[in-house]
Structures are given as structure tokens and as C-alpha cells.
Amino acid sequence: MPKKDVASRQTTINAQPRIHQRAPEIQVYGTVSHALPLALDEPVRLEMTEQLNLMLADTMTLRDLYKKSHWQVAGPTFYQLHLLFDKHYGEQAELVDVIAERIQLLGGISVAMAPDVAETTRIERPPRGREEVPVQISRLLDAHQIIIEHCRKLASRASDLEDAGTNDMVVSQVLRTNELQVWFLSEHLVEMPLVHAQEPGMRKVG
Ligand SMILES: [Fe+2]
């Protein structure tokens, strides 16, 4: 190699960080890596990563809806709901990482940033302001329902396509966590006297 070429390839040793760098993407969103030794065909991985990105965007939105509810909750049940909403937030945050990393290991690209999540999610956008507890819980339950319906369809499709890993993750982690959280939330929407039990004969069982 001529001396001049060797010189142009050498980088100057310098202690300064090279900041403000930009370069073209190394993989376009919506594609999967061609060659992965997973014994899963590329069209299968493409379909699964597309579906998992919908589930990821919905899960990130539900996660954030829990934090909004944790911060903004009001009323006599403030303390218990403040804690419960944050517990569910933490569990949803774990699911976000599990789903995102399944997309990446299948050769795809996980949706990540808030504007992209907002464009992708099927969950209704709440107002910025505070809402009453029954409305907060109803919104959370509606969001869970969207994810649970998707879990059942995606688990079945993954099974048909012999993607056992996606089927297992969707059922044992995403579906089961969402089902349990629905139980804990929905019990708060049961009309129940706090101090005086109803007199016998006054009670209507519906
Ligand atoms: Fe907090």
C-alpha cells in the first residue's frame, strides 16, 4: 500500500471525544435480518416482529398510563391506588423490555421513541389533566382489553407458524400479567359500602 494511503487510514490519537456524529441507519425499520440460525423462515419473523411491535407500542402506552394514574390519582383511596398503579407500572415496564428484545432477537427492530409509539398504539389518548378514579381505572381496563385480545390472536398465530418462543412469551408473560392486573383493577369498580353494611331486605343482588 502506498505511504500516502496508509497515512490517510490512520486516525490521529486524540483524547477528545468525537461528538455530534451522524451516519445512515444500519437497518431500516420494518425489516428483519436475513441470516439468523433460528430455524424460523424470514416471512415468519417478519410477521411476528410486525405484530410484536403493535403489542410493544400498546404495552409502552399502558405502562405510561399507569404512571400518569400513579401521579394524578385523587380521593380517599389515594394511597392504595398510588402504590398499586406503580406496582403495575413496574410490571408493564418489564414486559416492554421482554417484548422489545424478542423483536430484536428475531432480527427485527423494536419501536422505541414516544412519537413513534403514539403513531402506532391502538389505545385511546387520555387528556393531559386529571380524571376521577373510576375513569382512570376504566381507561386502564380498556387498554388491558386491547392487549389481551391481541395476545390471544397472536399466540394462536405464532403457534400455527411454529414460533414457539413468541407463543410462550405472549401467553406466559404478557397475557398472564395483564389478566392478573385486570383482576386487581376491576375489583375497585365494585360498588361496596365503606362504613355501613346495607340492612337486610334493602339489598338488591344484580
Ligand atoms: Fe412515584
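Start with Glu162, which sits in the loop between helix 5 (133-160) and helix 6 (164-186). Keep in mind as you look that this is a predicted model. What is the phi of Glu162? The angle is near 65°, a positive value in a residue other than glycine. Is Glu162 buried or exposed? Count the other C-beta atoms within 10 Å and you get 12. A residue counts as exposed if that number is 12 or fewer, so Glu162 is exposed.

From the loops, let's turn to a pair of helices. Two packed helices are described by the angle between their axes and the distance between the axes. Take helix 2 (residues 42-72) and helix 3 (residues 78-105): their axes come within 8 Å and cross at roughly 160°. How do the two helices run relative to each other, parallel or antiparallel? Angles over 145 degrees count as roughly antiparallel, and therefore helix 2 and helix 3 are roughly antiparallel to each other. What's in the contact of helix 2 with helix 3? Sorted by class, you'll find 14 nonpolar residues there, along with eight polar and four charged ones. As for handedness, helix 2 passes helix 3 in a left-handed crossing.

Key: Residues numbered from 1 in each chain as written. Predicted model: local features only at pLDDT ≥ 70, side-chain atom pairs only at ≥ 80, totals over all residues. Axes fitted to C-alpha atoms, helices over the stretch in contact; angles between N-to-C directions. Helix = DSSP H or I, 4+ residues; strand = E, 2+ residues; numbered from the N terminus. Parallel < 35°, antiparallel > 145°, perpendicular 65-115°, else oblique. Left-handed = near helix turned anticlockwise from the far one by under 90°. Nonpolar A, V, L, I, M, F, W, Y, C, P; charged D, E, K, R; others polar. Buried ≥ 20, exposed ≤ 12 C-beta atoms within 10 Å, placed from the backbone.
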